[in-house]
Amino acid sequence: MHNKIDVRGIQLDQALTLLEQALTAEKHASLEILSSEQENTTALLKALADHGASCEVLQAEEGQTIIASFAAEQVMKQKSYVVGSDTLGKGDDVIGHKLMNAFFNVSSDYEQAPASIFFMNTAAKLCVEGADALAALQKLEEKGTEIIVCGTCLDFFGIKDKLAVGRIGTMHDLIGIYHNQKEVISL
(Lines give C-alpha, C1' and ligand atoms only; values in the text may rest on other atoms or scores of the structure.)
Protein backbone atom coordinates (compact mmCIF):
# COMPACT_ATOMS: atom_id res chain seq x y z
CA MET A 1 0.00 0.00 0.00
CA HIS A 2 1.21 3.54 -0.81
CA ASN A 3 0.46 6.51 1.39
CA LYS A 4 1.25 10.23 1.17
CA ILE A 5 1.72 12.75 3.97
CA ASP A 6 2.40 16.47 3.75
CA VAL A 7 4.53 18.05 6.47
CA ARG A 8 5.29 21.30 4.65
CA GLY A 9 5.19 24.36 6.88
CA ILE A 10 4.76 22.55 10.19
CA GLN A 11 7.05 22.17 13.20
CA LEU A 12 9.49 19.25 13.44
CA ASP A 13 7.74 17.57 16.37
CA GLN A 14 4.42 17.69 14.50
CA ALA A 15 6.07 16.27 11.37
CA LEU A 16 7.53 13.36 13.35
CA THR A 17 4.16 12.74 15.01
CA LEU A 18 2.43 12.58 11.61
CA LEU A 19 5.07 10.16 10.36
CA GLU A 20 4.69 7.92 13.45
CA GLN A 21 0.91 7.94 13.02
CA ALA A 22 1.23 6.95 9.36
CA LEU A 23 3.71 4.18 10.19
CA THR A 24 1.72 2.72 13.07
CA ALA A 25 -1.71 3.02 11.43
CA GLU A 26 -0.87 0.30 8.91
CA LYS A 27 2.05 -1.26 7.07
CA HIS A 28 2.97 0.42 3.80
CA ALA A 29 4.94 -0.81 0.81
CA SER A 30 5.90 2.83 0.21
CA LEU A 31 5.34 6.24 1.69
CA GLU A 32 5.65 9.66 0.05
CA ILE A 33 6.41 12.62 2.31
CA LEU A 34 6.34 16.25 1.20
CA SER A 35 8.65 18.45 3.29
CA SER A 36 9.64 22.10 2.97
CA GLU A 37 12.26 22.34 5.74
CA GLN A 38 15.68 20.67 5.45
CA GLU A 39 15.76 20.09 9.22
CA ASN A 40 12.45 18.20 8.99
CA THR A 41 13.65 16.19 6.00
CA THR A 42 16.82 15.12 7.83
CA ALA A 43 14.91 14.09 10.96
CA LEU A 44 12.27 12.25 8.92
CA LEU A 45 14.96 10.34 7.01
CA LYS A 46 16.50 9.20 10.30
CA ALA A 47 13.11 8.10 11.65
CA LEU A 48 12.36 6.22 8.42
CA ALA A 49 15.75 4.48 8.55
CA ASP A 50 14.95 3.41 12.12
CA HIS A 51 11.82 1.76 10.70
CA GLY A 52 13.85 -0.09 8.06
CA ALA A 53 12.90 2.03 5.06
CA SER A 54 15.12 2.70 2.09
CA CYS A 55 14.67 6.32 1.02
CA GLU A 56 15.16 8.54 -1.98
CA VAL A 57 14.96 12.35 -1.74
CA LEU A 58 13.77 14.40 -4.69
CA GLN A 59 14.35 18.16 -4.73
CA ALA A 60 11.55 20.46 -5.86
CA GLU A 61 10.91 24.23 -5.76
CA GLU A 62 8.61 23.87 -2.76
CA GLY A 63 11.01 21.61 -0.81
CA GLN A 64 11.80 17.92 -0.82
CA THR A 65 9.85 14.78 -1.54
CA ILE A 66 10.93 11.68 0.34
CA ILE A 67 10.03 8.35 -1.25
CA ALA A 68 10.36 5.63 1.40
CA SER A 69 10.11 1.95 0.48
CA PHE A 70 9.49 -0.86 2.90
CA ALA A 71 10.34 -4.39 1.86
CA ALA A 72 8.25 -7.10 3.50
CA GLU A 73 11.26 -8.55 5.28
CA GLN A 74 12.21 -5.08 6.54
CA VAL A 75 8.83 -4.64 8.17
CA MET A 76 9.23 -7.94 10.04
CA LYS A 77 12.69 -6.95 11.34
CA GLN A 78 10.80 -4.80 13.82
CA LYS A 79 8.93 -7.80 15.30
CA SER A 80 9.82 -10.60 17.69
CA TYR A 81 7.88 -13.51 19.16
CA VAL A 82 8.04 -14.69 22.76
CA VAL A 83 6.77 -18.26 23.10
CA GLY A 84 5.95 -19.48 26.60
CA SER A 85 4.37 -22.86 25.92
CA ASP A 86 4.59 -25.80 23.54
CA THR A 87 0.85 -25.43 22.94
CA LEU A 88 -1.11 -22.66 21.25
CA GLY A 89 -4.32 -21.51 22.91
CA LYS A 90 -5.92 -22.65 26.12
CA GLY A 91 -7.77 -25.91 26.51
CA ASP A 92 -6.83 -29.32 25.21
CA ASP A 93 -3.08 -29.94 24.99
CA VAL A 94 -3.34 -32.33 22.03
CA ILE A 95 -4.93 -29.75 19.75
CA GLY A 96 -2.73 -27.06 21.31
CA HIS A 97 0.42 -28.96 20.21
CA LYS A 98 -0.98 -29.38 16.70
CA LEU A 99 -1.84 -25.69 16.47
CA MET A 100 1.64 -24.60 17.67
CA ASN A 101 3.35 -26.86 15.14
CA ALA A 102 1.03 -25.63 12.40
CA PHE A 103 1.80 -22.03 13.35
CA PHE A 104 5.54 -22.50 12.87
CA ASN A 105 5.15 -24.67 9.76
CA VAL A 106 2.96 -22.07 8.07
CA SER A 107 5.13 -19.18 9.32
CA SER A 108 8.23 -20.74 7.80
CA ASP A 109 6.55 -20.77 4.37
CA TYR A 110 6.18 -16.98 4.36
CA GLU A 111 8.90 -14.78 2.89
CA GLN A 112 8.76 -12.54 5.96
CA ALA A 113 10.41 -13.76 9.12
CA PRO A 114 10.52 -12.17 12.58
CA ALA A 115 13.77 -10.72 13.92
CA SER A 116 13.84 -13.19 16.81
CA ILE A 117 11.88 -15.82 18.68
CA PHE A 118 12.51 -16.44 22.39
CA PHE A 119 11.36 -19.84 23.69
CA MET A 120 10.78 -20.33 27.42
CA ASN A 121 9.08 -22.76 29.79
CA THR A 122 7.66 -25.77 27.87
CA ALA A 123 8.22 -23.95 24.56
CA ALA A 124 11.91 -24.90 24.91
CA LYS A 125 10.80 -28.45 23.98
CA LEU A 126 9.96 -27.17 20.46
CA CYS A 127 13.68 -26.59 19.76
CA VAL A 128 15.13 -30.01 20.53
CA GLU A 129 15.91 -33.13 18.51
CA GLY A 130 12.76 -34.89 17.34
CA ALA A 131 10.40 -31.94 17.93
CA ASP A 132 7.60 -31.63 15.37
CA ALA A 133 8.32 -27.92 14.79
CA LEU A 134 12.10 -28.41 14.39
CA ALA A 135 12.30 -28.27 10.57
CA ALA A 136 10.12 -25.16 10.47
CA LEU A 137 12.23 -23.43 13.12
CA GLN A 138 15.44 -24.32 11.26
CA LYS A 139 13.91 -22.82 8.11
CA LEU A 140 13.08 -19.60 9.97
CA GLU A 141 16.64 -19.49 11.33
CA GLU A 142 17.98 -19.85 7.77
CA LYS A 143 15.86 -16.82 6.82
CA GLY A 144 17.65 -14.77 9.48
CA THR A 145 15.41 -15.20 12.52
CA GLU A 146 17.43 -15.44 15.72
CA ILE A 147 16.18 -18.41 17.72
CA ILE A 148 16.88 -18.02 21.46
CA VAL A 149 16.03 -20.78 23.94
CA CYS A 150 15.88 -20.25 27.71
CA GLY A 151 18.85 -22.06 29.27
CA THR A 152 17.17 -22.37 32.67
CA CYS A 153 14.19 -24.06 30.99
CA LEU A 154 16.41 -26.47 29.05
CA ASP A 155 18.13 -27.39 32.33
CA PHE A 156 14.83 -27.79 34.18
CA PHE A 157 13.51 -30.26 31.58
CA GLY A 158 16.91 -32.00 31.24
CA ILE A 159 17.08 -31.38 27.48
CA LYS A 160 19.97 -28.93 27.14
CA ASP A 161 22.11 -31.53 25.34
CA LYS A 162 19.31 -32.11 22.80
CA LEU A 163 19.07 -28.48 21.59
CA ALA A 164 18.86 -28.68 17.78
CA VAL A 165 18.08 -25.12 16.69
CA GLY A 166 19.03 -21.70 17.98
CA ARG A 167 21.23 -20.71 20.87
CA ILE A 168 20.92 -20.84 24.63
CA GLY A 169 19.70 -17.55 26.05
CA THR A 170 19.03 -15.83 29.37
CA MET A 171 16.62 -13.34 30.86
CA HIS A 172 18.95 -10.63 29.54
CA ASP A 173 18.04 -11.73 26.01
CA LEU A 174 14.32 -11.64 26.80
CA ILE A 175 14.50 -8.21 28.39
CA GLY A 176 16.58 -6.98 25.43
CA ILE A 177 13.81 -8.09 23.07
CA TYR A 178 11.18 -6.21 25.07
CA HIS A 179 13.34 -3.08 25.23
CA ASN A 180 14.65 -3.03 21.66
CA GLN A 181 11.94 -4.39 19.38
CA LYS A 182 9.16 -2.24 17.98
CA GLU A 183 6.60 -5.02 18.40
CA VAL A 184 6.71 -8.16 20.55
CA ILE A 185 4.06 -10.83 20.01
CA SER A 186 3.48 -13.32 22.84
CA LEU A 187 2.29 -16.80 21.96
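**Entry 1: helix H2**

I began with helix H2, residues 38-50: at 1.5 Å a residue its 13 residues should span 18 Å, and the end C-alpha atoms are 19 Å apart, which agrees. The expected span is taken as 1.5 Å times one less than the number of residues. Helices (H or I, at least four residues) and strands (E, at least two) are DSSP runs numbered from the N terminus.

I note that this is a predicted model, in which local features need pLDDT of at least 70 and side-chain atom pairs count only at pLDDT 80 or more, while totals for chains, interfaces and linings use all residues. Residues are numbered from 1 along each chain as its sequence is written, and side-chain values use heavy atoms, with hydrogens and water left out.

Next I looked up burial, where buried means under 20% relative accessible area, exposed over 50%, and partly exposed in between (1.4 Å probe, protein chains only). In H2 the buried residues are Asn40, Thr41, Leu44, Ala47 and Leu48. Seen down the helix axis they fall within an arc of 130°, so they line one face of H2. The arc is that of the directions from the helix axis to the C-beta atoms. Glu39 and Lys46 are exposed on the other side of H2. After H2 comes glycine 52, with a positive phi near 80°.

I then checked strand E4, residues 63-69. Of its 7 residues, 5 are buried, so E4 is largely enclosed by the rest of the structure.

For pairing I required at least two DSSP bridges between two strands. E4 pairs with strand E2 (residues 30-35) in the antiparallel sense over 6 bridges, and serine 35 stands opposite glutamine 64. Strand E3 (residues 54-60) also runs antiparallel to E4, joined to it by 7 bridges. Alanine 60 has glycine 63 as its bridge partner in E4. E3 and E4 form a hairpin with 2 residues between them.

**Entry 2: nonpolar cores**

I searched for nonpolar cores, meaning sets of buried Ala, Val, Leu, Ile, Met, Phe, Trp, Tyr and Cys residues joined through side-chain atoms within 4.5 Å. The largest has 30 residues, of which Val83, Phe104, Ile117, Phe119, Leu126 and Leu137 touch the most other members. At least two residues of this core come from each of E5 (79-83), H4 (93-109), E6 (116-119), H5 (134-142), E7 (146-150), H6 (151-157) and H7 (171-180). Another core, of 15 residues, lies apart from it and includes Leu31, Ala47, Leu48 and Ala53.

I listed contacts (heavy atoms within 4.5 Å) for one residue. Leaving out residues up to four places away in sequence, isoleucine 117 touches Tyr81, Val83, Phe104, Leu140, Thr145, Glu146, Ile147 and Ile148.

**Entry 3: helix H4**

H4 has 17 residues and reaches 25 Å from its first C-alpha to its last, close to the expected 24 Å. Its buried residues are Gly96, Met100, Asn101, Phe104, Ser107 and Ser108. These fall within an arc of 130° about the axis of H4, so they line one face of the helix. Their cover includes E5, E6 and H5. On the other side of H4, I found Val94, Lys98 and Asp109 exposed.

**Entry 4: strand E7**

Last, I looked at E7, which is mostly covered, with 4 of its 5 residues buried. E6 and E7 run parallel and are joined by 4 bridges. Serine 116 has glutamate 146 as its bridge partner in E7.
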